Amino acid sequence: METRISPGNQLGKLTAFLLAIVCLFQLAIAAPALAANPDLSNITKNLSGYNPPGETWEDYYSEVQVSGNYVHVLWVSRKSDWTEIRLRYTRSTNGGATFEDPRVLYSVTPNTNDLVCGPTLRLLAVDGANVYIAFSRSYPAAGGRNWYYSLNFLRSLNNGATFRPLRVLFGGADVWHIQNTRISANNGKLTIAFNYYANWYNNFSIRVLNSVDGGATFKKAVAAYSKDYGGSLQDLKRVGDDVYLLYYWITEPYYYGNFQARIGVAASNDGGATFKRTQLATKASDGRFYPYQSHDQHYSPNLAVAGNNVYAIWTQNCTA
């Protein structure tokens, strides 16, 4: 199913190694592979580095962005005994011919706090020489607080050579989740979007943080919300001052074989300050709505922008 929207009118124990193809294409890896393996050929590079003696690390959830001759790669690395999870980064300054040794940008210890990661999130954005990373993490009950989250931000202004100190951009209330983080940047402007919802139904919202100064400062807004049974941010695109989000929300209690949901686009032409929302799903023959979430254990782009046109795709059941 495709729609065209005019923004002027509507707003254990497998181990892994990371591969990158460096001749203008990327080799997709469906399952983890050994991190200590050497390069496979003259066009594939082992980006994971080598495990310290006596340690095994599993690498997954990788992202890659290219800007000029710089290739930026971000991924999650977990120690095989589950005692630590790291957010790791490497870069190439020569178009992928060689890569620097991986760096650990952030680390958490499971069971005391957790890094929120997954195959459908987009945590990395590159805009010229600026490299942005946004991610959320949870904290256990402690110090009078009860299981809460924060949204964290890292940025580099020199092509990833160094990163500024980590900043917490948004702090959640107790038992409120920060999930489905996505980031998009264009021409010095940046949007971070995420789901924010309590640990029960009927309260979810999609929040956005917008910056026009390369991530130095942010302004908050709400792109979409619902008092129904829950939902999730599916995709995000920012082009100049235009910001678009594809999102999904459930409108009745979910159980096997029965659900009703909607798909919508929230569109902004003022840099994400205000949004207009458009429902995309159409009714099935029984008069109900049966769209499905856009991702199936991997990220797929579901929004595209070309000039004044925005394109959204989704899947739905059109029969009873």
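**View 1. V66 faces V71 across a strand pair.** V66 stands opposite V71, a residue of β5. Strands β4 and β5 (residues 70–79) run antiparallel and are joined by nine bridges. Strands are DSSP runs of E, at least two residues, numbered from the N terminus; two strands pair if DSSP finds at least two bridges between them. This is a predicted model, in which local features need pLDDT of at least 70 and side-chain atom pairs count only at pLDDT 80 or more, while totals for chains, interfaces and linings use all residues. Residues are numbered from 1 along each chain as its sequence is written, and side-chain values use heavy atoms, without hydrogens and water.

**View 2. Four strands form an open sheet.** The order is β4-β5-β6-β7, with antiparallel pairing. β4 (57–67) and β7 (103–108) are the edge strands, and each pairs on one side only. Strands of a sheet pair through backbone hydrogen bonds, either parallel or antiparallel.

**View 3. S184 sits in strand β13.** This strand covers residues 176–186. S184 is buried, at 9% relative accessibility (buried means under 20% relative accessible area, exposed over 50%, partly exposed in between, with a 1.4 Å probe and protein chains only). Its side chain reaches the backbone nitrogen of R238 at 3.0 Å. Beyond residues up to four places away in sequence, S184 touches several residues, including A125, K189, L236 and R238 (contact means heavy atoms within 4.5 Å).

**View 4. I192 lies in strand β14.** The strand spans residues 189–198. I192 has a relative accessible area of 0%, so it is buried. Leaving aside neighbours within four places in sequence, its contacts include L151, F153, I183, V208 and F218. R207 is 15 residues from I192 along the chain, and their C-alpha atoms are separated by 8.3 Å.

Methods. Polar contact = N/O pair within 3.5 Å; in protein donor to acceptor, adjacent residues only side chain to side chain.
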